[in-house]
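Please read them with the structure open beside you.

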Amino acid sequence: MGKKRVYIVAGILALIGFALFLHKAVVVGYPIWPDEKVEGWQIEVRASFDRTPKGPVDLRVFVPRPTTRWALLERRVVAPLFGISTLNADLNQQVSLTRREVDGKQTIYFQFVIQQTRTAEYTPPPAIREARPHQLKDAQLAAASRIVTAARAQSSDDRSLVLQLLKRVTAKSPEDGIAVLLGPRRDRRRQMVALVDLLRVAEIQAHMVNGLELGATRRRATLKHWIEARIDGQWVPFSPETGQQGVSPDLMPWWRGRERLVTIVGQDAAQKFKVTRNIAFQHLEQSALSNVLSMEQSRGQGQMLFSLFVLPVRTQEVYRLLVVVPLAIFLLVLLRNVIGITTLGTFMPVLIALAFRETGLLWGVILFGVVVGVGLLVRAGMEGLKLLLVPRLAAVLICVILIMAIMSLVSHRLGLDSGLSVALFPMVILTMTIERLSILWDERGGDTALKQAGGSLIVAILCYLLMRWSLLEYWFFAFPELLLVLLALTLLLGRYTGYRLTEIGRFKVLAGKAA
Amino acid sequence: MFGLISPTARAIRDFGVVGLNQRNADYVLQYNKRRFYPRVDDKLLSKRLAEAAGIATPTLYATIETARDAAEAGDLLSKHEDFVIKPAQGSGGDGIVVVVGKTRTGGYYRTASGKLISEDELIFHLQNTISGVFSLGGQPDVAMVEYRVQFDPVFEKIAFQGVPDVRIIVFLGVPVMAMVRLPTRMSSGKANLHQGAIGAGIDIATGRTLTAVWKNDIVDEHPDTLNPVQNVDIPHWDRMLDLAARSTELTELGYQGIDIVLDRERGPLMLELNARPGLNIQIANRAGLAHRLEKVKTHRHDLDKTEDRIAFAKREFAADKPV
């Protein structure tokens, strides 16, 4: 009959709502509890240089690109009077700081916050269009070719070739050919550069990856270097620490390639000046929510389907409020149709509850009591004037506003601030309430009138408390699709034919008389 | 739902008591089409439809529709010694003023409860009524001035200063349950349960009263006259059943209540119809509506003719018949 149709519609709505919710919570990773924390690190790069003689400067700093594993938040540049722009290349992203006339010593700070997300897979770099050629010549090229041939003989495929070359390059006492490639410096970076060259000679696409090891404990902020090689069409990382394929999940890739972190572009030989740079990092705890949001932004529009977070902040504030109103209304339906509390207007208690949000609970109740009480007195006083209905309502409304103004003045005098926030108090609704209440009083007596007024107030208080529950506010704002579930429940209540709690008391007298 | 935790709820459920939610969801929403509501909500329209169908109602003396009508009401009302002012779209007995006479001097009107009101107050009341103070949706209304029913002497002992009326709940044209509403001092002479009148159940088969309910409690005697309210025979009971059975054709509502008064001279008069009749009738009859309504649903196809419906009701809903 009718009930089945409602069940089906409600079921579909609830299913859609839950599905969207699960997608958001599990796949996208929205935190279910608002104060879930996630690890973050604040990283600061300090670059200083001396521009003498004075002249233009174009300083470039690599910026980590956000990935599914690493979320980038809060970028800040402290560079007085420098123009800031972002440059995007296929593998890397840079911030470019430019200024036409720089004189003498300058220090630039670049800060950002990085968070590690729940997903742990390694994000390969975006594919590059063409393979970069090696840049070896003469003796180095000869040495490289020899090494590659030897290594190839000792390996079965590309992967094992890479591992072979990796082993040779990172050996404690490198063989002669490797020494030629490495040159005088034998640090890790130099090793990886040499490895990339070797791989290119071997016609395997490869590049160096530079990054930071971010773990729970504080470490010295030194850059780590490893490589990624293209094997069977996929980018695969290799770790010089372990000599194996794959890198530790704590390694955050910052930029790829052999360029330095901070470079100044366009200097001619005569004006080459040094840049000293420093990296510091600090471990923080960040909210999981900001983590997810920043990840969303990096992924683009597609995922932000049902997210209210894309809206401008002012609008978000409005929706934070709107999103809990359905909860209050649902509670009102429950209280009315299942418990059986009678109220003065259908949705008046919810409006009063909204007003309580502005005035606070205690002051709001007092205000309600005073306004309604005085309003009733005023209306009773007007009986003698025999006014027509609409002018009478208007007169009561004007008096209500006057009362509220007086209360604000009084509370201000007494030093209480809460009396001032009466803007949202639904004065018009209160006027209608006063009218209804006084008619109720005349026709049905003071008891009924007070009972219904009291019932309305109780429902308003309960709705207010519900809307204040911050956990619910978070849930319905972060997952507005849950409103569909609420809608489904409301539909089901629409066919609730059971007794109201108050009715059980009312009909109790029949319970003894079983047929 | 409360049956799960409360044995009282279970007992009431077994007894067949219909609650507000069930009445609204399973009966009012299912069987009453919204477009027919004006036929019962607007008493003027009900009156017209009743007259057209040959159903007697209290004579309409006048209608007050505009502020001018209200201002000139004095002249209008001077023609009648007693009358009843009713908002056409009022509910629950609100806004009804029963005038039983005028004072010799001073030009005051005396109401059923003994209160004296001036002509100005009466006009003010009429103006309020027109503005819609008593109407269901708050919209502008019309005030009806009607013949004041003189109640049949059978009720003298058990009514206080007002006219008792008989409320019959009709489902799909079958009278399923009935009670007589007896005014008290508390109800200011109005036969309205919300305002403090007594409801006494009536045996459908015989037209004899059973025990009664007063403000949700079971009572055996009238609080003001102290006479027993049981075993009183309602005169012209069969005519009342007939009116009830035919009222469905008037309104085309499947679930409704009809209020009938017994006038000393004119016999049963239809007072008004109600699309959402109250549920206290169950307490007055000490019986639940659910079983009776189900029976009607089951047999509805055999009940095309009015006589059949009345016979069915008398047979199935007799007070001594086991449920």
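1. I begin with helix α4 of chain B, which spans residues 43-52 and whose buried residues are B:Lys43, B:Leu44, B:Ser46, B:Lys47 and B:Ala50. Because these residues cover an arc of only 160° around the axis, they lie on the same side of α4(B). Please keep in mind throughout that this is a predicted model.

2. On the other side of α4(B), the exposed residues are B:Arg48 and B:Ala52. The buried residues, for their part, pack against several elements of chain B, namely the helices α3 (37-41) and α8 (237-251) together with the strands β1 (60-64), β2 (83-87), β6 (143-146) and β13 (267-274).

3. Both ends of α4(B) have a local feature that can be checked by eye. At the start of the helix, a side-chain oxygen of B:Asp42 comes to within 3.1 Å of the backbone nitrogen of B:Leu44, and just after the helix, B:Gly54 adopts a positive phi of about 80°.

4. Turning to chain A, the model has 17 helices and eleven strands there, and of the 515 residues in this chain, 47% are buried. If one takes the contacts in chain A between residues at least 6 apart in sequence, 76% of them join residues that are at least 24 apart. The chain exposes about 26,100 Å², of which carbon and sulfur atoms supply 60%.

5. A part of the surface of chain A that deserves a look is a nonpolar patch of about 380 Å², made by A:Ile406, A:Val410, A:Leu414 and A:Leu416. One of these residues, A:Leu414, is found in the loop between α11 (389-413) and α12 (427-444) of chain A. Why is A:Leu414 classed as exposed? The reason is that its relative accessible area is 62%, and exposed here means over 50%.

6. My last point concerns A:Val333, which has its place in helix α8 of chain A, residues 325-339. With a relative accessibility of 22%, A:Val333 counts as partly exposed, because the class of buried residues is kept for values under 20%. Leaving aside neighbours within four places in sequence, A:Val333 is in contact with A:Val338 and A:Leu493. A:Val333 and A:Gly494 are 161 residues apart in sequence, while their C-alpha atoms are 9.2 Å apart in space.

Notes
Residues numbered from 1 in each chain as written. Chains lettered and ligands numbered in written order. Predicted model: local features only at pLDDT ≥ 70, side-chain atom pairs only at ≥ 80, totals over all residues. Heavy atoms only, no water. Patch = residues over 30% accessible without salt bridge, like charges linked within 9 Å, V, L, I, M, F, W, Y side chains within 5 Å. Areas by Shrake-Rupley, 256 points an atom, 1.4 Å probe, with all protein chains shown as cover. Salt bridge = Lys/Arg side-chain N within 4 Å of Asp/Glu carboxyl O. Helix = DSSP H or I, 4+ residues; strand = E, 2+ residues; numbered from the N terminus. Buried < 20%, exposed > 50% of the residue type's maximum accessible area, 1.4 Å probe, protein only. Arc of directions from axis to C-beta. Contact = heavy atoms within 4.5 Å. Polar contact = N/O pair within 3.5 Å; in protein donor to acceptor, adjacent residues only side chain to side chain.
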